[in-house]
Amino acid sequence: MAKVVNEYKRKWGDRRDGRRVKVTGMQTIMGHLYPNRTDSEVYLNDTLDVTDLLKFIDKKNAEHPEMKTTLFHCIIAGVAKMVRERPLMNRFVQGRRTYERYEISVAFVAKLAFEDHAEEALMFFVPKDGDNVDSVSRMVIDKVQKVREKGSGNKSGVDDLLDKFAALPRPLLMLVIKIIKWLDFWGKCPRAFTAGDPNYATVFLSNLGSIKCPAVYHHLNNYGTNSLMITIGTMRDEEVLMPDGSKQIRTLVDIGATLDERIGDGFYFARSLKLMKYICANPEILNQPIGEPSGFDYK
């Protein structure tokens, strides 16, 4: 299990949002040969069997109708648990150096209304080791409700900051962006710029299934530290050949994950994906704290 981040004391070379880690010579050289995150993208496409997970959700909602847990809430909790158990997934490369975050952060975009011209709000939160799917559901529901109650005329945080920058004259905005990118390279961006910005999250999730859209490839960004982008598609029922040779109608969801290959290798990424499949097949794990081992056999 990864070392509890609260015990770590910052050293020379660390950033405010991550500690510098020693990596292999190949990874170090890759950071110089491919200094941009978009040069180092790896795209994985797979399918999650969520049949048992949906039964788990139905049971939970029947027991607690006042707080509706959704598939997206479970995916968020499952991804956070996966990252906690697979610490390389919480790394990033910036300034041609590799760092590991002190905490896990999850971000996504919420539509203020399901309309073509409705504005979007950026959601950002930090699940802790003691959280489980219930506390994650509460956090997501509370944040989305607060944003939608405020409406588009009362923005705050990174949304409000973006609007203020966008109002600057083009030459001045170009200069400001250049300075911000320079600060970003050296890890010196002010907290006011990075707090709540999905570009600085461990995982950026996009629930495309909520708008009836399939999972798609989504690029990473060179700005910030986000090294993992996951899109979730629509659910569908499909006949599946089971391990015992029988055929069953199962509910499947396609997912797409874009990763920065400089933080790990394909073997590590594939095992992390297998852990997500294991969690979906054994959803009771989501009732456990995120910091508790899943029990998945990596052999």
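Predicted model: local features only at pLDDT ≥ 70, side-chain atom pairs only at ≥ 80, totals over all residues.
## How confident is the model?

The chain averages a pLDDT of 89, and 91% of its residues reach 70 or more. Residues 1-5 are a stretch to treat with care: pLDDT stays under 50 there. For those residues the model has 8 contacts beyond four places in sequence.

## The largest cavity

Let's look inside. The structure holds 5 cavities of 30 Å³ or more, and the largest has a volume of about 140 Å³. Around that space sit 14 lining residues, and Met82, Ile230, Ile255, Ala257 and Leu273 lie nearest its centre.

By class, the lining of the largest cavity has 11 nonpolar residues, 2 polar ones and 1 charged one.

## The second largest cavity

The second largest cavity holds about 50 Å³ of space. Its lining brings together Arg15, Arg16 and Asp17 with Leu183, Asp184, Gly187, Lys188, Cys189, Thr194 and Tyr200. Sorted by class, that makes 3 nonpolar, 2 polar and 5 charged residues.

## A pocket open to the outside

Of its 26 lining residues, Gly13, Arg20, Gly95, Arg97 and Tyr99 are the closest to its centre. Its lining divides into 7 nonpolar, 9 polar and 10 charged residues.

Four elements supply at least two residues each to the lining of this pocket: α1 (25-33), β3 (91-94), β4 (97-101) and α6 (170-186). The largest share, 4 residues, comes from α1.

How many disulfides does the structure hold? The count is 0. As a reminder, a disulfide is a covalent bond between the sulfur atoms of two cysteines.

Is Cys189 buried or exposed? Cys189 is buried, because its relative accessible area is 3%. This is the Cys189 that helps line the second largest cavity. Cys213, at 24% relative accessibility, counts as partly exposed.

Gln94 lies in strand β3, one of the strands that supply residues to the lining of the second largest pocket. With a relative accessibility of 8%, Gln94 counts as buried. Beyond its neighbours within four places in sequence, Gln94 is in contact with Arg15, Arg37, Tyr99, Asp184, Phe185, Asn222 and Gly224. Among these, Arg15 and Asp184 also line the second largest cavity, and Tyr99 is one of the residues closest to the centre of the second largest pocket. The C-alpha atoms of Gln94 and Gly31 are separated by 8.5 Å, although these residues are 63 places apart along the chain.

Setting aside neighbours within four places in sequence, Leu252 is in contact with Thr47, Leu48, Asp49, Thr234, Met235, Arg236, Glu238 and Val240. Its C-alpha atom is separated by 47 Å from that of Trp12, which is 240 residues away along the chain.

## Two loop residues with positive phi

Most residues other than glycine have a negative phi. Two loop residues here have a positive one. Arg96 has a phi near 65° and lies in the loop between β3 and β4. Its relative accessible area of 39% makes Arg96 partly exposed.

The other case is Lys212, with a positive phi of about 60° although it is not a glycine. Lys212 is found in the loop between β7 (203-207) and β8. Is Lys212 buried or exposed? Lys212 is exposed, with a relative accessible area of 72%.

Technical notes: Residues numbered from 1 in each chain as written. Heavy atoms only, no water. Disulfide = S-S within 2.5 Å. Buried < 20%, exposed > 50% of the residue type's maximum accessible area, 1.4 Å probe, protein only. 1 Å grid on protein atoms, 1.4 Å probe; cavity = no way out; pocket = protein on both sides within 12 Å on 5 of 7 lines; lining within 4 Å. Points joined across faces, edges and corners; volume = space filled by probe spheres on them. Nonpolar A, V, L, I, M, F, W, Y, C, P; charged D, E, K, R; others polar. pLDDT = per-residue confidence, 0-100. Contact = heavy atoms within 4.5 Å.
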